[in-house]
Amino acid sequence: MNRLQSLSATMLLVLLTIVSSAQANPWHALYGKQLVFDVYRNGKPVGLYQTQFRGEGDNWQVEARMELDVKWLLWSFSYRYHAIETWKQGGLEGLDVQIDSNGDNQHFSFERQGDWLQEQGGEKVALPVLATHHYDASVVNSDRVVNTLTGKINHISVKPMGIETLLIGDTAISANRYQYHGDLTQTEVWYDLNGRWVGLEFVDPQGVNMSFKCRSCGQGASL
């Protein structure tokens, strides 16, 4: 093999490695290390939602955190959410969620068992499946998801609602809007034209409108 052939082979190997890594974790390529949303309750800021991506090759962790604090007169409410998804070779291997809702604690955990994602002592769902962390736009083609707020398997359909303009800081972007139906209702999500998650609105169990507005959603990441 001459020098030129050797250089070409090396460049091809590097390219294949990059492509393989992107296929194993396409969200890291979309978002970089994290995405951040400001959370609003009835239009008032109440907290922060963050998703972080860690790993390399075929092994990744996706960590989601949400911290909400609501105060009104003498009434106050705090909500802390922490979840870790474990991914291997492009498949969801595990999901662990801990919730502190004003002192009321909840914990549930799923692990892969063959072709199933199985909750410890509870529900199971056939793989592949996504959790309701929204960062993967392919969820709009799903018919079921793991509801990360309840630990239940939700059967869904997702309807496209057209392209809208959203503001990220002072920048206007075009984004596809989708509406959930089935077990998840009163929920809408937005993805930009590159498939990045950029917005979310839903009605909580108390009938209050919650919205996630993107602060940093990977617009600086390279595709």
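**Core, surface patch and backbone features**

The largest nonpolar core has 57 residues, and V146, W197 and F212 have the most contacts inside it. Strand 3 gives the most to this core, with 6 residues. The model is a predicted one. The structure also holds 1 disulfide.

**Core**
- Leaving aside neighbours within four places in sequence, V146 is in contact with L95, F110, L117, V125, V129, L130, A131, T132, K152 and I153.

**Disulfide**
- C214 is joined to C217 by a disulfide, with an S to S distance of 1.9 Å.
- Both of these cysteines, C214 and C217, are buried.

**Surface patch**
- W72, L73, L74 and W75 make a nonpolar surface patch of about 610 Å².
- One of these residues, W72, is found in strand 3, which covers residues 59-72.
- W72 has a relative accessible area of 58% and is therefore exposed, the cut-off being over 50%.

**Backbone**
- Most residues other than glycine have a negative phi, and most peptide bonds are trans.
- N42 has a positive phi, near 50°, and is placed in the loop between strand 1 (34-41) and strand 2 (44-56).
- Q89 likewise has a positive phi, near 50°, and its place is the loop between strand 4 (75-88) and strand 5 (91-101).
- Q89 is exposed because its relative accessible area is 62%, against a cut-off of over 50%.
- The peptide bond from L127 to P128 is cis, with omega near 0°.
- P128 lies in the loop between strand 8 (124-126) and strand 9 (130-131).

Methods: Residues are numbered from 1 along each chain as its sequence is written. This is a predicted model: local features need pLDDT of at least 70, side-chain atom pairs count only at pLDDT 80 or more; totals for chains, interfaces and linings use all residues. Side-chain values use heavy atoms; hydrogens and water are left out. Patches are made of residues with over 30% relative accessible area and no salt bridge: like charges are joined within 9 Å, nonpolar side chains (Val, Leu, Ile, Met, Phe, Trp, Tyr) within 5 Å. Accessible areas come from the Shrake-Rupley method with a 1.4 Å probe; for residues, only the protein chains shown count as cover. A salt bridge is a side-chain nitrogen of Lys or Arg within 4 Å of a carboxyl oxygen of Asp or Glu. Helices (H or I, at least four residues) and strands (E, at least two) are DSSP runs, numbered from the N terminus. Buried means under 20% relative accessible area, exposed over 50%, partly exposed in between (1.4 Å probe, protein chains only). A disulfide is a pair of cysteine sulfur atoms within 2.5 Å. A nonpolar core is a set of buried Ala, Val, Leu, Ile, Met, Phe, Trp, Tyr and Cys residues joined through side-chain atoms within 4.5 Å. Contact means heavy atoms within 4.5 Å.
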